[in-house]
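Subject: The model and some notes on it

Hi there,

Here is the structure I promised to send over. Have a look at it first, and then read on for my notes.

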Amino acid sequence: MNPYLTYNLLIIVFLVLFNLGVAGLVAVVSWKDKAYRFFSLSIVALTAYEISSLLSDFPFGQLEQSYLIKADFVFGLLAAFLYFLFAQSLTMKSHNFSTIYTAVLGITTALFAILALFSNQIIKRVHVYDYGVDFSSGLLDYLFVVFIITEISIALSLLLKRHKTTQAVERMRSKYILAGSISIVSTTIVFLLLERLLITSEILEVGVSAKMLITRIGDLGVIAFVGITGYGILRHRLFGIRVWLGRTVFWLGVSLFGLVSAYVIALLESRLLGSIFSLPVMIINLFVALFFALLLAFTENYWRKQINIWTGKISFDEEELLEIFKSEIAKVQDTEDRLGLFLNYINRLFGPSKIAVLAFKEEDEMLSLYEGFNEGDKKLLEDENNLNRLINGIGTDVLNVENFTEDSSLLLLLKALNINLVLSTHDKEMVVLLGAPRTGEYNHKGSRLLRGLLMEACS
């Protein structure tokens, strides 16, 4: 296989894993929202568009390659229309866009798809070369380009208007959606115009390398759109699915590592040792398999921890989460319900092994909420001497046990309770004790966010 086709194959694998992974995540956490359903479907259509284009360069035969190019046009039309529906659904609360215009765009999309499949008005001829395939433009191909550019430009203008009128919290998410949209719209326009001017119009002769470079522009735009826009949609939701996300990333990494290792080892053995099915080679492979199994067994916890830290870094925006929490806590008046909401956020952010929230009221009353504490832990913590030791020794900021160097009875108490982090309000009317995090870590960013949540819960 020549390097160009090898590159195509690698891009196909990446698109399937990355694009469909993002589409799946958006579908799981946002399927009830019509706009994000259209976003997920547009990613699927974009992925099919890219894959059909990349596969058309493989030497299947002229008829098969011709159908793949036609499929490329159809999926491209579908992706553009779904992207428009995504933008329209996202902005319909603040901007009205006539259903007549939507119907016209939908009907025109269907007509162009029919023409691309069953006539030579868009794709006049297909040319097969050693490096791949291209086509000559039919009479309506230029109208097709104008239609696509118009449709995606309308969608971008709707998103731009929405961004200008959204509130501060929503604007944080909107800027990512807008940035991803600008990347796909701009690269699509550049790609379509260069392709028609330099390749399909047959006006100018360009080299193979130039043709390949032009086709890669579209790939970059799709990846940027999916990555940036997908993150903008998911960023305030990821902290709620980080445990599941971390496990998925871990096992996906294990699968990919195993697949790549198997192919690399098979390639090396076939070149150096001959047949990979000979008895000596099979014995070697047995030891290699045992080595990798032991390597995974001894390093599994390390890799899981690193993945959890990584998901913690990408999965929340401190300012946005505080604003969302502030809007939710304002609707809750009962003290116990406010603490419950606070506990829910802590669990979704870090999943601590144990949580204790102690709220001190007047006349020595104390409201306590526990998760993961057994009766012995509760009795130890609620001992009068231990409570006084805790209140007098924690200060008014965040106490990270790992960074606590003072050898004291307070440190012994916290270690006996398996506590990693302690938070308190300035007046010490509320104290929060957290065990080891299952996701993320209690770094500066995480501790600062927890402190902000606590202040909002007590306000």
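Below is what I found, from the whole chain down to single residues.

First, some ground rules. This is a predicted model, in which local features need pLDDT of at least 70 and side-chain atom pairs count only at pLDDT 80 or more, while totals for chains, interfaces and linings use all residues. Residues are numbered from 1 along each chain as its sequence is written, and side-chain values use heavy atoms, with hydrogens and water left out.

**The chain as a whole**

The chain holds 15 helices and seven strands; these are DSSP runs numbered from the N terminus, with helices being H or I of at least four residues and strands being E of at least two. Of its 459 residues, 46% are buried. Here buried means under 20% relative accessible area, exposed means over 50%, and partly exposed lies in between, using a 1.4 Å probe and protein chains only. The accessible surface is about 23,800 Å², and carbon and sulfur atoms account for 64% of that; the areas come from the Shrake-Rupley method with a 1.4 Å probe, and for residues only the protein chains shown count as cover. Taking contacts between residues at least 6 apart in sequence, 68% join residues at least 24 apart, where contact means heavy atoms within 4.5 Å.

**The sheet**

Five strands form an open sheet in the order E4-E3-E7-E6-E5, with antiparallel pairing. Strand E4 (366-371) and E5 are at the edges with a single partner strand each, so one side of each has no neighbour in the sheet. Helix H11 (residues 335-350) packs on the sheet and touches strand E3 (355-360), E4 and E7, its direction making about 30° with that of E4. Two strands count as paired if DSSP finds at least two bridges between them.

Towards strand E7 (residues 430-434), E6 runs antiparallel with four bridges, and Leu-421 stands opposite Leu-434. The E6 and E7 hairpin has five residues between the strands, and Lys-428 in this hairpin takes a positive phi near 60°.

**The cores**

The largest nonpolar core contains 57 residues, and Phe-73, Tyr-83, Phe-86 and Ile-148 have the most contacts inside it. Helix H3 (residues 62-91) supplies the largest share of this core, 13 residues. Another core, of 29 residues, lies apart from it and includes Val-357, Leu-449, Leu-450 and Ala-457. By a nonpolar core I mean a set of buried Ala, Val, Leu, Ile, Met, Phe, Trp, Tyr and Cys residues joined through side-chain atoms within 4.5 Å. Not counting residues up to four places away in sequence, Phe-73 touches Ala-116, Ile-122, Ile-123, Phe-135, Asp-141, Phe-144 and Arg-196.

**A helix pair**

Helix H4 (residues 99-118) and helix H5 (residues 141-165) pack at about 145°, with their axes 12 Å apart. Axes are lines fitted to C-alpha atoms, for helices over the stretch in contact, and angles run from 0 to 180 degrees between N-to-C directions. On the H4 side the contact is made by Leu-105, Thr-108, Thr-109 and Phe-112, and on the H5 side by Leu-143, Phe-144, Phe-147 and Glu-151.

- Ser-174 is in helix H6 (residues 168-200) and counts as buried because its relative accessibility is 2%. Leaving aside neighbours within four places in sequence, Ser-174 is in contact with Arg-162, His-163 and Thr-166.
- Asp-219 is in helix H7 (residues 208-234) and counts as buried because its relative accessibility is 6%. Leaving aside neighbours within four places in sequence, Asp-219 is in contact with Tyr-7, Glu-50 and Leu-54.
- Arg-37 is in helix H2 (residues 34-55) and counts as partly exposed because its relative accessibility is 25%. Leaving aside neighbours within four places in sequence, Arg-37 is in contact with Trp-31 and Lys-32.

Best wishes
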